[in-house]
Amino acid sequence: MQRFSEFMVGLIFGVGLILSGMTDPAKVIGFLDVFGQWDPSLALVMGGAIAVGMFSFALAKKRTVNFFGGAFHLPKNNHIDKRLIIGALLFGAGWGVAGYCPGPALVSMASGQTEAITFAAAMLVGMIVYELAQRTIHKPR
Amino acid sequence: MIDWAHFTPWASLSGGILIGVASALFILLHGRILGISGILGGLLPPSAGDATWRITFLLGLFSAPLAFNALAPAGFMQMPRIDASYTMLIVAGLMVGIGTRYGSGCTSGHGVCGLSRLSLRSLIATGTFMVAGFATVYIIRHIL
């Protein structure tokens, strides 16, 4: 049941990404082009998602266990540090170049588009490079 | 100037609500933050006892195009319009992969879940990647 539920959450999330326009790089870049012909659609994606999300996180705060009886795994790190800023800058710049962020890249990869597969493969390589760099440069966090 | 010709308020709002519903179900049912870069990055490499939920979630995500094409009244998932060359796609993919792991999140984890739970850290991250995206598109579209 738990496995089926995780699968369904992934499915709903992915369908939401497609319906919203997030899987179309030209639409994403049209949204990021605030100084040109600006397409504000994707602001509504974030607005709609956060409106629903806020209720659920407020509800989660009042509970001690999740629906399946397990613990809540919430991030404990609240430091605003160089890692956060540099990582976000790098991500934002890459998002602006290709028009893909991780979720839409994976959904588009699954639909078999060659460009999306190329991007997603490079993204996976980037994540592996990060892991390897963490292990050689820093102690495990 | 607003590009009214490409403005899709209802589809984008409905899609956003579905994204919010999925994030809500994930935290309430499973106690997890729905952040794609974190879910995926946790599998590189997979660790015992912490891999199955990531894989079942991702299998659902991968099934979305099929489900959308079967359900959508308007027909098939729109063909993406991509301007970037293959070289740029690879460079951008590497940046997104490294950046999201280094900054501990992407549009879903920081942008949707982080803002929903009023995390200052996620607000700073989201503001930063949005501004970086605006600046990058400005440079590519209007300067280069």
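The model is predicted, so local features need pLDDT of at least 70 and side-chain atom pairs count only at pLDDT 80 or more, while totals for chains, interfaces and linings use all residues. Residues are numbered from 1 along each chain as its sequence is written, chains are lettered from A and ligands numbered from 1 in the order in which they are written, and side-chain values use heavy atoms, with hydrogens and water left out. Chain B and chain A bury about 9,700 Å² between them. Chain B has seven helices and zero strands.

**Chain B as a whole**

- From the N terminus on, the elements of chain B run α-α-α-α-α-α-α; helices (H or I, at least four residues) and strands (E, at least two) are DSSP runs, numbered from the N terminus.
- Along the principal axes, the C-alpha atoms of chain B fill a box of roughly 50 × 40 × 35 Å.
- Of the 144 residues in chain B, 54% are buried; buried means under 20% relative accessible area, exposed over 50%, and partly exposed in between (1.4 Å probe, protein chains only).
- Among the contacts in chain B with a separation of 6 or more, 34% join residues 24 or more positions apart; contact means heavy atoms within 4.5 Å.

**The contact between the chains**

- Chain B puts 101 residues into the contact and chain A puts in 105 residues.
- Carbon and sulfur atoms account for 77% of the area buried between chain B and chain A; buried area is the accessible area (1.4 Å probe) that two parts lose on being put together, summed over both.
- Between chain B and chain A there are 20 residue pairs in polar contact, both at pLDDT 80 or more. A polar contact is a pair of N or O atoms within 3.5 Å; within protein, one must be able to donate a hydrogen and the other to accept it, and residues adjacent in sequence count only if both atoms are side-chain atoms.
- Several helices of chain B each supply at least two residues of its side that touches chain A, including H1 (9–30), H5 (86–102) and H7 (120–143). H1(B) gives the most, with 20 residues.
- The side of chain B that touches chain A divides into 62 nonpolar, 32 polar and seven charged residues. Here Ala, Val, Leu, Ile, Met, Phe, Trp, Tyr, Cys and Pro count as nonpolar, Asp, Glu, Lys and Arg as charged, and the others, Gly among them, as polar.

**The nonpolar core**

- The largest nonpolar core has 62 residues, and Phe13(A), Trp95(A), Phe119(A), Leu34(B) and Phe57(B) touch the most other members. Such a core is a set of buried Ala, Val, Leu, Ile, Met, Phe, Trp, Tyr and Cys residues joined through side-chain atoms within 4.5 Å.
- Helix H1 (residues 2–20) of chain A gives the largest share of this core, six residues.
- Leaving aside neighbours within four places in sequence, Trp95(A) is in contact with residues including Met22(A), Tyr100(A), Val96(B) and Phe129(B).
- The buried residues of H3(B) include Trp53(B), Phe57(B) and Leu61(B). The buried residues of H3(B) pack against H1 and helix H5 (102–110) of chain A together with H1, H2 and H4 of chain B.

**Salt bridges**

- The structure holds seven salt bridges over all chains, and the count between chain B and chain A is four. A salt bridge is a side-chain nitrogen of Lys or Arg within 4 Å of a carboxyl oxygen of Asp or Glu.
- Arg81(B) and Asp24(A) form a salt bridge at 2.6 Å, N to O.
- Another salt bridge joins Arg101(B) and Glu131(A) at 3.3 Å, N to O. This pair crosses from helix H5 of chain B to helix H6 (residues 114–137) of chain A, and both residues are buried.
- Lys27(A) and Asp39(A) form a salt bridge at 2.7 Å, N to O. Lys27(A) lies in helix H2 (residues 25–32) of chain A and Asp39(A) in the loop between H2 and helix H3 (41–61), so the pair ties together parts that are twelve residues apart in sequence.
- Within chain B, Arg54(B) and Asp50(B) form a salt bridge at 2.6 Å, N to O. Arg54(B) is buried, with a relative accessible area of 10%.

**Backbone details in the loops of chain B**

- The peptide bond from Leu44(B) to Pro45(B) is cis, with omega near -5°, and Pro45(B) is in the loop between H2 and H3.
- Ser104(B), in the loop between H5 and H6, has a positive phi near 60°.
- Leu118(B), in the loop between H6 and H7, has a positive phi near 55° and is exposed at 63% relative accessibility.
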